[in-house]
Amino acid sequence: MADFEKRVTQWDVAREAGVSRTLVSYVVAGSSHAMSDDVRRRILEAIDRLGYHSNKSAQKLRKGIGEYVSNLFGLIVSGPDVFSNPFYAKIIASLHSAAFEKGCKIHFIRFFEELGDTLLFNTLIHPDEIGGLILLDLDKASSGDKNGIIMEKIRSRIRNSVCVEWKNPLFPCVCFDRYKSGCVAVDHLWGKGYTSIGYVGPVDQRLSGIRDQMEKNRISVDGMIMRGAHTMSNGFEVARNLLSEGNLPSALICGSDEIAAGMLLFFNRENISVPKSVAVMGMGDSEISRFTNPPLTTMGIKINEISQTVIDMLTGGPYDSDSILPAELIPRLST
């Protein structure tokens, strides 16, 4: 493991790889200078072992034009889909605002897959470049042995890292209480008289909370309708399938407002009355939930509170404990 108290230079990389410093500089600069694949591989492996990176922040600080690294945070996201997902897009915007209010800055946003590039990893994921790291929605993107190694490398480099809306044993997390949200949703529907409840969404603690609370309220979970979904179009297709199968329950809890909106669109097209024929709930309290027909009952997630908690943890960290924030029931006309 590299010692980050000691500045690693290109000379160190050259000695480790058994090549000239000039060849190392070519690789670091991304030059296409002719060299054998074996030499390039040895240089990259030496860079990885030593943790070498070109310290642009230190260079700027020496010139007196830099920012304090402790107030610079990196943001790693699962992939481009987060920008088209209203929930995650809102979190990203809120993180920027929360950082600005604290006198900090989101220094870069990168996809997790990009961290497989050794040079990029060592350039960005380094204590001389950032004071903390935000890891957003990486539960699927970071799975597998190879990606597990990358997570271990992040841990060794940036101890002050926080997972947002997912959990990893290496880092503390900040997320809304999925389990309790499922429980509250069931209690709301039970209080309205619905006794046949299904779930459409990601298979996670939301579903666990729903099932446990149904059992607590003596609602049968035998044959309970459960369908995986993530998008509005998923919700539309699940609603179509449930109707064609004759499996439509009296109430459906959706893992997001977008899934629920897709279901409502289908039910409206088929003239299926909501909530008279089937009640529909979402999660997130996104803007779309106020403008569906009918307006959507949902579990409100306090995104600004999530973002402020993340920035507070990074500016006061590193932390070891999770922060699980409650969601609140927002009843409207769909239930």
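Predicted model: local features only at pLDDT ≥ 70, side-chain atom pairs only at ≥ 80, totals over all residues.

Student: Which residues of helix 11 and helix 12 make the contact?
Tutor: On the helix 11 side they are Met232, Gly235, Phe236, Val238, Ala239, Arg240, Leu242 and Leu243. Helix 12 brings Glu258, Ile259, Ala261, Gly262, Met263, Leu265, Phe266, Phe267 and Arg269.

Student: And what classes of residue are in that contact of helix 11 with helix 12?
Tutor: Twelve are nonpolar, two are polar and three are charged.

Student: At what angle do helix 11 and helix 12 pack?
Tutor: At about 45°, and their axes are 6 Å apart. That angle makes helix 11 oblique to helix 12.

Student: New topic. How many aromatic pairs are there?
Tutor: The count is five. In one of them, the ring centres of Phe236 and Phe266 are 5.4 Å apart and the planes stand at 90°, so this pair is edge-to-face.

Student: Why give both a distance and an angle?
Tutor: Because a pair of aromatic rings is described by the distance of the centres and the angle of the planes.

Student: Where do Phe236 and Phe266 lie?
Tutor: Phe236 is in helix 11 (residues 232–245), and Phe266 is in helix 12 (residues 257–269). So the pair ties together parts that are 30 residues apart in sequence.

Student: Are Phe236 and Phe266 buried or exposed?
Tutor: Both Phe236 and Phe266 are buried.

Student: Which residues do ring pairs link into a cluster?
Tutor: Phe87, Tyr88 and Phe176. Phe87 also takes part in another helix contact, helix 6 with helix 13.

Student: OK, how do helix 6 and helix 13 cross?
Tutor: Helix 6 covers residues 86–101 and helix 13 covers residues 303–316. Their axes come within 8 Å and cross at roughly 50°. That makes helix 6 oblique to helix 13. The crossing is right-handed.

Student: What meets what there, between helix 6 and helix 13?
Tutor: From helix 6: Phe87, Lys90, Ile91, Ser94, Leu95, Ala98 and Ala99. From helix 13: Ile303, Asn304, Ser307, Gln308, Val310 and Ile311. By class, this contact of helix 6 with helix 13 has eight nonpolar, four polar and one charged residues.

Student: Last one. What is the secondary structure of the chain overall?
Tutor: It comes to 13 helices and twelve strands. The chain has 335 residues, and 49% of them count as buried. Its C-alpha atoms fill a box of roughly 75 × 40 × 35 Å along the principal axes.

Technical notes:
Residues numbered from 1 in each chain as written. Heavy atoms only, no water. Axes fitted to C-alpha atoms, helices over the stretch in contact; angles between N-to-C directions. Helix = DSSP H or I, 4+ residues; strand = E, 2+ residues; numbered from the N terminus. Parallel < 35°, antiparallel > 145°, perpendicular 65-115°, else oblique. Left-handed = near helix turned anticlockwise from the far one by under 90°. Contact = heavy atoms within 4.5 Å. Nonpolar A, V, L, I, M, F, W, Y, C, P; charged D, E, K, R; others polar. Phe/Tyr/Trp six-rings, centres within 6.5 Å; stacked < 30°, edge-to-face > 60°. Buried < 20%, exposed > 50% of the residue type's maximum accessible area, 1.4 Å probe, protein only.
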